[in-house]
Amino acid sequence: MNMREKAQIMDSEEVARGLIRIAHQILERNRGARDVILVGIRRRGAPLARRVAEIIEEIEGTQVPVGILDITLYRDDLQLVAKQPVVGKTDMPAGVDGKVVVLVDDVLFTGRTVRAAMDEIMDFGRPKAIQLAVLIDRGHRELPIRADYVGKNVPTSAREVISVMVKEEDGEDKVTVEEMME
Amino acid sequence: MKFTRKDLLGLEEMSREEIESILDTADSFVEISERPIKKVPVLRGLTVVNLFFEPSTRTRISFELAEKRLSADTVNIAASSSSAVKGETLKDTAKNIEAMSIDMLVVRHRCPGAARYLAGVLDCPVLNAGDGAHEHPTQALLDLFTVRKRRGGIDGLNVAIVGDILHSRVARSNIWGFQKMGAEVALCGPPTLMPQEIESTGVRVHYYVEDVIPWADVIMLLRIQNERLEESYFPTIREYSELFGLDSEKMKKAKPDVTIMHPGPLNRGVEITPEVADGPYSVILQQVKYGLAVRMAALYLLSGGQLESEAADQERKVDRSGTGSRSNL
Amino acid sequence: MIDPAQDLDQTCDVLIEGGAVRELGTSIEAGDAEVIDAKGLVVCPGLVDMHVHLREPGREDEETIESGARAAIHGGFTSVAAMPNTEPTIEGEEGVKFVLGKAAEAGLARVFPVAAISKRQKGETLSEIGSAIRAGAVGISDDGYPVAQSGLMRRALEYVKMFDRPVMAHCEDTGLSAGGVMNEGRTSTVLGLRGIPGASEDVEVIRDIILTRLTGSRLHVCHVSTAASLGFIEQAKTSGLNVTCEVTPHHLTLDDEAVATFDTNTKMKPPLRRKHDVSALRKGIETGVVDAIASDHAPHSPEEKDQEFDLAPFGIIGLETTVGIVMTRLYHEGAVTLSNLIRLLSTNPARILGLPLGSLKPGSPADVTLLDPDSEWEVDPRDFVSKSRNTPFSGWSVKGKAITVIVEGRVLMRDGELKTPGVRP
């Protein structure tokens, strides 16, 4: 399938500012960083979660535990996908009981990834609360899921695709909208 | 590279890439057994039958736990108590089971080629849990995984397998596995238990265990069975263990970072003494732990797995040169 | 027309009358005789398969004397020698007459019974060899089993001297072959299957040769499979002993690597051996150390062969594939002349069994096989008229076929069509 870049939504400065704002909002809402765990959803949610944790440490001086969650084994579309994707490693800090788990992902779209992530978090224990931070919310929810912290809202059409690049994986920070060509 | 086979029958026919894809997948399954809820829903609703024609507690339990931790429904059949005794053929037994819409068959049988035979006859994936002296792929895979975990890699290692090679499927599968992963393999045992022309597979053959101990990075001991006494493969257990058993005395000549392995169950005092089995070089218990992760990975991949690059490509719907993520979930 | 017995290889006509060969000539007047145009074909004495297993009595589901005799015709053979390991075994006058009676009823290929050496082939005491031979047995054998006791083998070799018939020896030391299901070697090691070392055959071949020397008798070694055995047989011949031997088509074309897929149609005794052995046997064909090619046709029901390799019975059929396989892999590959091939398939077997067959000399019984050496066909077990299907050659493209077969002047197959098709299983 051929894609064509339509527009750039965020450059690296805007990404950085978005993450700083999200970090502040998390601290505000939870009155500090105590009892907060950041969990990045593989793949690009993970480096974003780490960066938010770094920012929080700069602001508050507190080290927030960071986990990485691979949701492959919890997906609801494994029967639809002819072949299953490989399972990446999940690495959760010890104990989610009573903590506020802030899930971090790059794009919120149908909500199915987050649903899978929540099911998986529940298998680790009983968090006090689960909150969701995303860099981009592009709409088109198929499940009743909403983000608590959003970097940018980007209304899109179904034919469009949001492409997020992060320094750690792709060499630069950039968010673009691409369109499928016929 | 991906693992796309319908069945897992043996390592001899597999490539290094296929073996690595199973080991890499297994890596991600290890922590599941550390969670408070040791379960992931990935095989939910699938039925796996463990059809064991040879008695085996540990392998069967390992498979059963692996299946349950992936949320599959499991059925255990110890075929000595089933219709096989009443004269039902292997083919009929398997077809009758398949008729109940099962999704995967794990089979252990005393005849070489039995798993392959069933794989040809059944539509569902077949996993060979041991067919006579031919192959035991998940055992070798967990052995490879354990060594990789313990030592960081397999390339360039010297691996010695000691014991009854002639009757051992574990030996054969490990010869293929370790060689394909870049290790050098040597065998050691009495001449009566060394198969004909085994050197043609690229292994070295020794009769003195003292010759391999200083050379080996990994020493794998095989179980010696009492039945072999009756067929005069060696005179007594005592003589066997004097010549080939691994004890602290012989271990003095071993490398300081040697890894000691055993597929179990141990004959303490025969092929290995308790001190060595329980000592700091032994990874025997880790083998059991990693066995679970490896079997989960194998079951997962047989039910339709594929490597990340391919899957990510599907999601991105671009060729390999593209970058960026598309979260379509 | 090729008749090695008369050293003839020429184009000529053959006149058959009253069930016998009347005349050979360059332009015989046909008169009101039926004419079979053999242009482009090879006319030779009827082929003789000196080692087949017909499963009657006991396993008529696998093969009967009639279906086997029909399969023989279909494969180009006018005569077969049937081994006695049926249930019950063929021994004594009664057993021999049973087989001859059934064969006569069928009226197809000639079936010559081979009688058991020991009572019920148990290897303990001699069976009624004399009565059997007088009733028509062409040789004695415990084939299927070796004669383990050297003392008994000696007795058999000695006793049979008065009847001038061969002892057909199945050479196997069961102490060495015990539990084995294929040749012991690299393939058996890789597959984890228990092996039968070539030594188990060699040991018994040497033993039987020594006993032949001791008794001054006549030995025929069945289904030779190893280079070493062939070497011993060659030495025995050179030293003047009356030793002959036969080799199967599969031992001339397949080696133990064929077992790698666990296909039970590669399981037989003696097993497929190493490439080195196959080469030596082919060499033996060229040099004449090998006297005969015999199929060791061993029918087995599909249920029994459709099993784990360890459990499946030993044996494959061969009556309907022998000609195609040896023509393709020996004659067309230049390993043997047509004349020598016919010697291996007709002249020598007839001579070893003491049969007045294997020749088109005027006065001989009119057993004739017409071969089309260039006929190309594919082996398809569904076309077999044998009751069994256990062959490793399914799907092979071969060149060479028997298309017309005459027994005692009766045309039983013409241009590939059997005159008595029987019930196709």
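What percentage of the 329 residues of chain B count as buried? The value is 48%, where buried means that 20 or more other C-beta atoms, placed from the backbone, lie within 10 Å of the residue's own.

A word on conventions. This is a predicted model, in which local features need pLDDT of at least 70 and side-chain atom pairs count only at pLDDT 80 or more, while totals for chains, interfaces and linings use all residues. Residues are numbered from 1 along each chain as its sequence is written, and chains are lettered from A and ligands numbered from 1 in the order in which they are written.

Staying with chain B, there are 13 helices and nine strands; these are DSSP runs, numbered from the N terminus, with helices being H or I of at least four residues and strands E of at least two. Among contacts in chain B with a separation of 6 or more, 74% join residues 24 or more positions apart. Two residues are in contact if their C-beta atoms, placed from the backbone, lie within 7 Å.

Chain B splits into domain 1, residues 16-135 + 289-307, and domain 2, residues 137-286; the bounds come from an automatic or database domain assignment. Between them, 20 residues of domain 1 of chain B touch 21 residues of domain 2 of chain B. On the domain 1 side, helix H1 (16-29), strand S4 (126-131) and helix H12 (284-302) of chain B each supply at least two residues. H12(B) gives the most, with six. By class, that side has nine nonpolar, five polar and six charged residues. Nonpolar here covers Ala, Val, Leu, Ile, Met, Phe, Trp, Tyr, Cys and Pro, charged covers Asp, Glu, Lys and Arg, and the others, Gly among them, are polar.

Now the chains. Two pairs touch, and chains A and B have the most contacts. Chains A and C share no contact, and their closest C-alpha atoms lie 29 Å apart. The contact of chains C and B takes 16 residues from chain C and 21 from chain B. Helix H6 (residues 186-191) gives the most to the chain C side, with four residues.

Last, a sheet in chain C. Three strands form an open sheet in the order S6-S7-S8, with parallel pairing; strands pair if DSSP finds at least two bridges between them. S6 (47-52) and S8 (110-113) of chain C stand at the edges with a single partner strand each, so one side of each is left without a neighbour in the sheet. S6(C) and S7(C), residues 77-82, pair over four bridges. Val52(C) stands opposite Ala82(C) in S7(C).

How values were computed: Buried ≥ 20, exposed ≤ 12 C-beta atoms within 10 Å, placed from the backbone.
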